[in-house]
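Welcome! Open the structure in your viewer, keep the selection tool at hand, and follow the stops below one by one.

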Amino acid sequence: MNTHYQRLGGQEAIRKLIDRFYDLMDEDPDYYGIRKLHPADLTESRNKLYWYLSGWTGGPPEYTDRFGHPFLRQKHMPFAIGESERDQWMTCMLRAMDDMVVETDLKQELKAAFFKLADFMRNRTG
Ligand code: HEM
């Protein structure tokens with residue numbers, strides 16, 4: 001059974017997906033609500049999400065190799081994340097997947113998995 005990492009197309013394809021995700025977040029005012037939570041320079045955000053997703057999709061554990069356990073929910077605590085922020089993140093990621101022509105079944109599986117994680121990151125009601 002191929003991993004999500006392999007089905008997405010490996011390192012280069014995932015890197016492109018993350019770049020598209022942050023380009024959209026940076027350019028589209030619909031995502032300003034979450035863009036403004038991030039640093040002006042998105043280089044490290046791009047790297048960290050890429051390293052994280054590499055391991056999360058079943059590829060090389062680049063994030064944990066560098067930083068150990070991610071404690072993602074804890075790391076998101078300084079940022080107010082409610083339904084609106086969760087949905088902006090999800091819409092932005094779905095658009096990035098559409099643009100990268102991720103195959104339909106894979107997209108549905110990733111959408112469900114991303115949603116669980118994004119919803120878990122919520123730390124404010126509303
Ligand atoms: C639900 C909406 C979310 C919002 C508003 C959000 C926002 C943020 C912000 C502001 C940061 C800190 C700046 C940065 O390092 O880029 C961050 C870091 C991070 N986020 Fe999110 N995030 C969300 C969901 C997610 C999800 C679903 C994932 C994983 C699939 C994720 C993975 C990460 C990672 C790996 C980091 C870096 C953590 C570190 O500092 O080591 N985030 N996020």
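Two residues are in contact if their C-beta atoms, placed from the backbone, lie within 7 Å. Helices (H or I, at least four residues) and strands (E, at least two) are DSSP runs, numbered from the N terminus. A residue is buried if 20 or more other C-beta atoms lie within 10 Å of its own, exposed if 12 or fewer, and partly exposed in between, with C-beta atoms placed from the backbone.

Please keep in mind that this is a predicted model: local features need pLDDT of at least 70, side-chain atom pairs count only at pLDDT 80 or more, and totals for chains, interfaces and linings use all residues. Residues are numbered from 1 along each chain as its sequence is written.

**Stop 1: helix α2**

Select residues 10-27, which form α2. The expected span of a helix is 1.5 Å times one less than its number of residues. For the 18 residues of α2 that gives 26 Å, and the end C-alpha atoms are 26 Å apart, which agrees.

Now colour I14, L17, I18, F21, Y22 and M25, which are buried in α2. They lie on the same side of α2 because they cover an arc of only 125 degrees around the axis; the arc is that of the directions from the helix axis to the C-beta atoms. Turn to the other side of α2 and you will find E12, D26 and E27, which are exposed. What do the buried residues of α2 pack against? Show α1 (4-8), α3 (32-35), α4 and α7, for these are their partners.

**Stop 2: the largest nonpolar core**

A nonpolar core is a set of buried Ala, Val, Leu, Ile, Met, Phe, Trp, Tyr and Cys residues joined through C-beta atoms within 7 Å. The largest one here has 21 residues, and I18, F21 and C92 touch the most other members. Two or more residues each come from α2, α4 (43-56) and α7 (83-99), and α2 gives the largest share, six residues. In soluble globular proteins, nonpolar side chains tend to be buried together.

Zoom in on I18: leaving out residues up to four places away in sequence, I18 touches R46, L49, Y50 and L53.

**Stop 3**

**Stop 4**

Move to F67, found in helix α5 (residues 62-67). F67 is partly exposed, with 13 other C-beta atoms within 10 Å.

In the loop between α5 and α6, pick P70. P70 is also partly exposed, with 15 other C-beta atoms within 10 Å, and touches Y52, Y63 and T64, not counting residues up to four places away in sequence. F71 lies in the loop between α5 and α6. Is F71 buried or exposed? With 10 C-beta neighbours inside 10 Å, F71 counts as exposed. Its phi is near 40 degrees, a positive value in a residue other than glycine.

**Stop 4: between α7 and α8**

Finish at V101, in the loop between α7 and α8. Phi of V101 is near 50 degrees, a positive value in a residue other than glycine. V101 counts as exposed because 9 C-beta neighbours lie inside 10 Å.
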